[in-house]
Amino acid sequence: MRRFFAILSVSTLAAGLAASAARAFDIPNPFSGVFGGGEKEQQKSDRPTQAAPGAAVDCPEILVDTGAATLRVPPGADNSSVRYQLSLSHLARECTVSGDQILIKVGVEGAAVLGPTGQPGSFSGALKIAARRQKDESILASKIYHVSASVPAGAARGEFRVISEPLSVPYLGAQAADDYEILVGFEGGAADKSAPAQKRRKRHARTPTEASPD
């Protein structure tokens with residue numbers, strides 16, 4: 001499940017754009033919006049905009065903060081003492097526009113992997129999915145999901161899958177990837193407190209496959 005949906009992106013131009021004064025910005029990211037108008041560049045407002053029926057939107061990218069991609073049990077255990085580890089493997093998202101809101105669904109696949117001291121059984125953890133505004137890093141919507149994976153006798157791992165309820169954020173324009181980002185990660189993950197949280201990453205990058213606790 002590498003991607004649940006193909007998201008089409010469209011660029012919007014600010015109203016009243018004069019051809020003689022139009023400015024082009026050479027930005028490597030093909031999903032970034034181009035804004036201009038008259039003699040001065042227009043600034044996007046944070047006020048929601050009513051989208052046209054059937055409007056497409058460039059879905060925000062998914063980020064996993066440092067240390068939140070895995071959850072070890074017991075917490076802080078060294079490799080030889082790990083019972084099991086929950087890890088993320090595949091992430092995907094779908095965005096739809098409803099009036100002045102963008103509804104974001106997130107799909108997550110992952111696995112429970114037995115450690116040296118682990119035994120077959122059912123293993124669980126708390127997974128947080130949130131939508132964050134880039135400008136001030138405010139969390140606009142979030143939900144915590146209980147995920148569970150069963151490892152049968154004779155196996156070393158089991159799978160889990162989550163499809164989130166829609167996260168709602170204001171529609172400011174088709175380039176929602178420039179306004180918002182999606183955060184996914186385990187609550188209580190063995191984060192390295194000295195490591196900075198992840199900010200932006202290459203769009204459409206895949207989260208590394210689940211790691212063994214070895």
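## Nonpolar core and ring contacts

Leaving aside residues up to four places away in sequence, isoleucine 102 touches Val57, Cys95, Thr96, Leu167, Ser168, Val169, Pro170, Tyr171, Ala176 and Tyr180, where contact means heavy atoms within 4.5 Å. The model is predicted: local features need pLDDT of at least 70 and side-chain atom pairs count only at pLDDT 80 or more, while totals for chains, interfaces and linings use all residues. Residues are numbered from 1 along each chain as its sequence is written, and side-chain values use heavy atoms, with hydrogens and water left out.

Ile102, Val108 and Val184 touch the most other members of the largest nonpolar core, which has 40 residues. Such a core is a set of buried Ala, Val, Leu, Ile, Met, Phe, Trp, Tyr and Cys residues joined through side-chain atoms within 4.5 Å; buried means under 20% relative accessible area with a 1.4 Å probe, protein chains only. Elements giving two or more residues to this core include strands E3 (84-98), E4 (101-114) and E5 (121-133). E4 gives the most, with 6 residues. Strands are DSSP runs of E, at least two residues, numbered from the N terminus.

The whole structure holds 2 aromatic pairs. Rings of Phe, Tyr and Trp (its six-membered ring) pair if their centres lie within 6.5 Å; planes under 30 degrees apart count as stacked, over 60 as edge-to-face and the rest as tilted.

| Pair | Centres | Planes | Class |
|---|---|---|---|
| tyrosine 84, phenylalanine 123 | 4.4 Å | 40° | tilted |
| phenylalanine 160, phenylalanine 186 | 6.3 Å | 75° | edge-to-face |

Tyrosine 84 in strand E3 and phenylalanine 123 in strand E5 are 39 residues apart, and both are buried. Phenylalanine 160 in strand E7 and phenylalanine 186 in strand E9 are 26 residues apart. Phenylalanine 160 counts as buried at 5% relative accessibility, and phenylalanine 186 counts as buried at 4%.

Terms used
Buried < 20%, exposed > 50% of the residue type's maximum accessible area, 1.4 Å probe, protein only. Helix = DSSP H or I, 4+ residues; strand = E, 2+ residues; numbered from the N terminus.
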